[in-house]
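Good morning, and thank you for joining this group meeting.

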Amino acid sequence: MKNETKNKILIVANWKMNPIILKEAEELLRAVQNGIQRAKDAEIVICPPFVYVEALSSKLKAHITLGAQDCFWEQEGAYTGEVSPSMLKSVGCTYVLIGHSERRQYLGETNEIINKKVKAALKAGLKVILCIGEDMRDSFDTRGHWTHELDPKVKDELVSALDGVQKSKVGNLVVAYEPVWAIGTGNAATPDDVLSAKIFIRKIIGDMFDRKTAETVRVLYGGSTDKKNASDFIKEGHADGLLVGGSSLDPEEFVTMVKSVT
Ligand code: PGA
């Protein structure tokens with residue numbers, strides 16, 4: 001990846017399982033593209049449901065990129081209902097989200113599964129947005145004392161997801177810090193939380209690989225971001241971008257968010 005791209009703020013729209021018909025998905029994309037005519041300082045990625053990827057891909061303007069919300073860990077074969085990283089690449093995806101907390105929660109995705117998906121997606125040449133985050137607002141030790149530290153779950157999720165990943169592939173990795181308690185709750189983290197998480201995540205990656213490699217990994221924040229708080233996470237929290245759920249379904253809100261950070 002060129003450094004020029006890496007220096008841009010990365011704004012990722014996670015549409016989740018919305019909208020429910022293709023026509024609305026096309027309209028949403030059109031409204032977003034009309035609102036963001038150019039994005040000199042930002043890289044905008046839209047992650048629609050799988051079934052809309054190809055149709056949207058043909059309508060994409062140059063400054064918007066497509067991503068998927070998940071992928072399988074094999075490239076082809078007898079895996080009914082699954083979609084492989086190579087397939088996603090062939091229909092125009094550049095990015096893929098892996099390990100979103102909703103998949104961990106509702107689909108039973110384990111750290112082991114996520115690790116296999118990360119490796120398969122990187123192997124297929126996709127850029128991976130790995131989602132990690134703690135369940136509760138604060139971390140407590142076994143005696144119930146507040147540790148003033150990020151929950152060990154964040155470290156566990158990161159270390160397991162990257163187990164066996166080649167150093168040469170880490171340049172295609174983005175980490176989205178998404179505390180579960182902040183997702184869809186209207187209760188976002190603070191810019192300070194985001195800065196601490198970024199330092200923590202980069203340190204762990206540095207320990208696993210090396211510092212220079214860790215510095216190539218962009219760290220996004222996600223969880224109840226909106227047009228009012230978006231720029232705080234970038235300016236005060238030093239996030240390299242945002243992973244946006246609910247607010248990405250309202251084109252006016254999403255376009256205003258993008259403009260506020262660029
Ligand atoms: P939210 O979701 O912005 O609706 O909180 C973020 C996410 O789940 O990626």
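This is a predicted model: local features need pLDDT of at least 70, side-chain atom pairs count only at pLDDT 80 or more; totals for chains, interfaces and linings use all residues.

Is glutamate 27 buried, partly exposed or exposed? Glutamate 27 belongs to helix α2, which spans residues 22-35. Its relative accessible area is 35%, and because that value falls between the cut-offs of 20% and 50%, glutamate 27 counts as partly exposed. Along the chain, 224 residues separate glutamate 27 from proline 251, yet the two C-alpha atoms are 9.6 Å apart.

That brings me to helix α11, which comprises residues 251-261. Its buried residues are Glu253, Phe254, Val255, Met257, Val258 and Val261. The elements covering these buried residues include helix α2, together with β1 (9-14), β2 (42-47), α10 (230-235) and β8 (241-244).

I turn now to the ligand. Its surroundings consist of 13 residues, and the closest are Lys16, His100, Glu178, Gly184 and Ser224. By class, this shell contains seven polar, four nonpolar and two charged residues. Glutamate 178 places a polar side-chain atom 2.7 Å from an oxygen atom of the ligand. Glycine 245 has a backbone N or O atom 2.9 Å from a ligand oxygen, and for glycine 246 the corresponding backbone distance to a ligand oxygen is 2.8 Å. On its own, the ligand has 280 Å² of accessible area, and the protein covers 95% of it.

Next, the nonpolar interior. In soluble globular proteins, nonpolar side chains tend to be buried together. Here the largest nonpolar core has 66 residues, of which Leu130 and Ile205 touch the most other members. Leaving aside residues up to four places away in sequence, isoleucine 205 is in contact with Leu158, Leu162, Val170, Val175, Asp210, Ala214 and Val217. There is also a second, separate core of twelve residues, with Tyr95, Cys131, Val174 and Ala176 among them.

Finally, I would draw attention to a loop residue. Serine 84 sits in the loop between β3 (64-68) and α4 (85-90). Why does serine 84 count as buried? Serine 84 does so because its relative accessibility is 3%, and the cut-off for buried is under 20%. Again excluding residues up to four places away in sequence, serine 84 touches Phe72, Glu74, Gln75 and Glu76.

Key. Residues are numbered from 1 along each chain as its sequence is written. Side-chain values use heavy atoms; hydrogens and water are left out. A residue is near a molecule or strand if one of its heavy atoms lies within 4 Å of it. A polar contact is a pair of N or O atoms within 3.5 Å; within protein, one must be able to donate a hydrogen and the other to accept it, and residues adjacent in sequence count only if both atoms are side-chain atoms. Accessible areas come from the Shrake-Rupley method with a 1.4 Å probe; for residues, only the protein chains shown count as cover. Ala, Val, Leu, Ile, Met, Phe, Trp, Tyr, Cys and Pro count as nonpolar, Asp, Glu, Lys and Arg as charged, and the others, Gly among them, as polar. A nonpolar core is a set of buried Ala, Val, Leu, Ile, Met, Phe, Trp, Tyr and Cys residues joined through side-chain atoms within 4.5 Å. Buried means under 20% relative accessible area, exposed over 50%, partly exposed in between (1.4 Å probe, protein chains only). Contact means heavy atoms within 4.5 Å. Helices (H or I, at least four residues) and strands (E, at least two) are DSSP runs, numbered from the N terminus.
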